[in-house]
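Take each task on your own before reading its solution.

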Amino acid sequence: MEINKINDYLWEIPQSRPMNVPARIYSSDALIEAVKKEETFKQLVNVAQLPGIVKYAMAMPDIHWGYGFPIGGVAAFETENGVISPGGVGYDINCGVRLAATGLNEKEIRPKLADLATAIYRDIPSGVGSTGPLKLTEKQLKKVLSQGSPRIIDQGYGDAADADHTEEGGCMANADPGAVSNRAVERGRRQLGTLGSGNHFMEIGVVDTIYDPAVADAFGLRPGHVTLLIHTGSRGLGHQVCDDFLAAMTKKVHQTGIRIPDRQLACMPINSAGGRAYYNAMACAANFAWANRQVLMHLARDVFMETLDISPRELAMHLVYDVCHNIAKIETHVIDGRQREVCVHRKGATRAFAPGHPALNRACRDVGQPILIPGDMGTASYVLVGTQEAMDQTFGSTCHGAGRVMSRKAAKKAAKGRSLAQELEQQGVLVRASGKGTMAEEMPEAYKNVTEVVEAVHGSGISRKVAKLRPVAVVKG
Amino acid sequence: MPYEVIDHTADTGIRVWAGTPTGLFAEACRAMFELITDNYRVTPVKTEKLSVEGIDQTDLLINWLRELLMLWSADRELVASAQISELSDTNLRATVWTQPFDPEKHVLYTDIKAVTYHGAEIICRHGHWETSVIFDV
């Protein structure tokens with residue numbers, strides 16, 4: 001496959017039949033070689049074949065092999081002739097990250113850090129099949145699906161300002177619970193306020209380095225202060241929505257005359273009943289995920305206050321931002337000099353809107369959208385900010401995390417005979433996890449170097465570094 | 001062992017083969033639940049009749065695994081064994097024996113969250129039926 005280097009941070013696979021557009025990969029010399037070994041480029045070329053795709057099939061530096069769409073992929077489709085694909089969003093709809101900052105500094109929590117990690121692990125539902133603190137009736141759940149995190153804030157799980165600091169205000173328009181199957185509703189009822197398993201986690205960190213003091217200040221990030229990072233999504237409900245529509249679209253896609261190179265790329269025209277139904281159901285799952293992270297933050301806030309025996313005022317926890325990284329959204333972008341409405345799929349990619357964008361809240365409108373990049377458990381997480389370059393090049397999108405380099409099996413093999421918890425503790429990171437298996441699968445070496453990923457997006461200009469967070473305790477499902 | 005685990009960077013999968021399509025479908029069920037738990041500890045206590053449709057044989061296989069996974073992810077039932085009574089390219093009928101998950105008795109290995117279509121294609125070569133299935137974990 002022909003891959004041309006365009007500049008230090010960008011590679012291109014030229015358009016050839018049956019691609020509708022070329023493919024572009026944001027990366028660096030340090031990262032590109034590992035990707036070349038995988039099937040990832042072929043997956044990107046498959047995406048470039050879908051009808052109505054605009055400009056490029058794009059990959060972020062944390063790209064890795066997914067199914068159908070690669071993870072770390074961005075693709076925009078014309079709303080009039082393009083398609084929407086559940087596989088282009090992923091199973092965990094609105095899997096995302098929420099960052100809260102506190103008024104506490106590291107010294108104040110160090111003596112009780114182990115208690116804090118243990119209490120979070122004990123009090124916040126996590127792991128396979130965990131159920132949440134809210135037992136919702138079908139009617140109550142459907143309100144959450146149509147109204148998102150503001151609904152749950154109204155019920156006492158947070159402050160009104162939290163919704164303002166959430167992408168889309170924590171509620172996507174067009175969410176229609178009628179488009180969500182009974183099975184999905186049933187799975188969602190028990191899972192609001194649960195962390196889940198796999199790569200989902202809660203991380204207590206410290207603001208370690210500030211790269212851009214003015215922007216960090218606008219985001220409410222102070223050097224040395226304690227932060228809380230939450231990574232989870234829409235749980236079984238989102239998976240069920242994706243699964244339901246993949247099955248339905250696989251059946252129908254042949255009738256539309258659309259040729260797909262992989263069944264997992266099943267899609268429908270955005271402007272069809274099937275396409276709209278998926279969008280409306282996906283919006284419900286996205287709203288569920290925002291409500292989920294909202295409840296989790298509220299539970300964690302209580303654990304902090306109780307364990308440290310402090311008041312809300314002393315804790316001074318506030319939401320910096322909440323971003324999603326598995327989503328499709330109708331957005332307006334300037335393409336070839338004119339404004340056009342497109343459906344942007346971000347699968348393992350984060351929105352990165354520039355300063356001045358009307359979708360941004362007052363706190364960040366002048367500086368740009370906060371972007372939260374979790375690393376592996378031992379290294380670092382980053383806060384970045386959206387740029388005009390992202391608007392011009394990537395439909396306002398950037399990377400979402402470190403991205404795996406090692407399979408789960410390989411990670412388990414590499415972890416054999418080692419005490420990962422002890423190793424991490426020596427590096428200053430306390431870990432609480434439900435099983436050794438998860439610990440091994442999620443070990444730091446299994447991921448790309450998050451710093452290299454961040455340097456690549458910073459270098460390419462599609463986002464800019466604001467702050468680095470150093471993890472001090474991690475709780476895994 | 002008529003299946004093997006595929007090593008995939010982000011997820012996990014199985015490559016299954018059998019002498020008949022029915023064998024392939026049964027083996028895929030066993031492989032999926034062996035990834036989830038230690039099958040040896042699952043006792044057949046409940047039965048469930050399943051009827052599954054697909055647009056072709058591959059679609060049918062994915063839908064079959066999807067229905068089986070649903071027993072686990074939605075109802076917390078582990079599958080002990082399955083007997084396929086009818087199988088065509090587009091329809092399947094089976095009886096499935098399950099046991100409700102008991103944390104005291106059962107171990108959980110991999111939390112399979114979905115069955116994907118990625119790369120799945122049933123092929124028949126020299127009288128052997130074979131396919132791969134990638135799971136979202």
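**Exercise 1. Find the bridge partner of B:Gln83 in β5(B), then build up the sheet around it.**

*Solution.* Start with the pair itself: B:Gln83 has B:Thr95 in β5(B) as its bridge partner. Before going on, note that this is a predicted model, in which local features need pLDDT of at least 70, side-chain atom pairs count only at pLDDT 80 or more, and totals for chains, interfaces and linings use all residues. Residues are numbered from 1 along each chain as its sequence is written, while chains are lettered from A and ligands numbered from 1 in the order in which they are written.

Next, widen the view to the two strands. β4(B) pairs with β5 (residues 91–100) of chain B in the antiparallel sense, over nine bridges. Strands here are DSSP runs of E with at least two residues, helices are runs of H or I with at least four, and both are numbered from the N terminus. Two strands pair if DSSP finds at least two bridges between them.

Now place the pair in its sheet. The order is β3-β5-β4 (chain B), an open sheet of three strands with antiparallel pairing. Its edge strands, each pairing on one side only, are β3 (46–53) and β4 (77–87) of chain B. On average, neighbouring strands are turned by 25° against each other, direction ignored.

α2(B) lies across β3, β4 and β5 of chain B and runs at about 150° to β3(B). For these angles, axes are lines fitted to C-alpha atoms, for helices over the stretch in contact, and the values run from 0 to 180 degrees between N-to-C directions.

**Exercise 2. How many residues of chain B are in contact with chain A, and which elements supply them?**

*Solution.* First, the count: 25 residues of chain B are in contact with 31 residues of chain A. Contact means that the C-beta atoms, placed from the backbone, lie within 7 Å.

Second, the elements: β1 (3–7), α2 (57–73) and β8 (128–136) of chain B each give two or more residues to the side that touches chain A. α2(B) gives the most, with four residues.

**Exercise 3. At what angle do the axes of α5(A) and α11(A) cross?**

*Solution.* Begin with the geometry: the axes of α5 (residues 138–147) and α11 (residues 273–308) of chain A come within 6 Å and cross at roughly 100°. The two helices are therefore roughly perpendicular, a label for angles of 65 to 115 degrees (under 35 is roughly parallel, over 145 roughly antiparallel, and the rest oblique).

Then look at the residues that meet. α5(A) brings A:Val144, A:Leu145, A:Ser146 and A:Gln147, and α11(A) brings A:Cys284, A:Asn287, A:Phe288 and A:Ala291. By class, this contact has five nonpolar, three polar and no charged residues.

**Exercise 4. Is A:Met202 buried or exposed?**

*Solution.* Locate the residue: A:Met202 is in strand β8 (residues 201–210) of chain A. Then count: A:Met202 has 27 C-beta neighbours inside 10 Å, so it is buried. The cut-offs are 20 or more other C-beta atoms within 10 Å for buried, 12 or fewer for exposed, and in between for partly exposed, with C-beta atoms placed from the backbone. Among the residues that A:Met202 touches are A:Ile120, A:Leu228 and A:Val475.

With 16 other C-beta atoms within 10 Å, A:Asn271 is partly exposed. Leaving out residues up to four places away in sequence, A:Asn271 touches A:Thr79 and A:Glu80.

**Exercise 5. Which residue in the hairpin of β12(A) and β13(A) takes a positive phi?**

*Solution.* Take the strands to begin with: β12 (residues 326–335) and β13(A) pair in the antiparallel sense over ten bridges. One of the bridge pairs joins A:Glu331 to A:Val342 in β13(A). Now turn to the hairpin, which has two residues between the strands: A:Asp336 takes the positive phi, near 50°.

Definitions and conventions
Two residues are in contact if their C-beta atoms, placed from the backbone, lie within 7 Å. Ala, Val, Leu, Ile, Met, Phe, Trp, Tyr, Cys and Pro count as nonpolar, Asp, Glu, Lys and Arg as charged, and the others, Gly among them, as polar.
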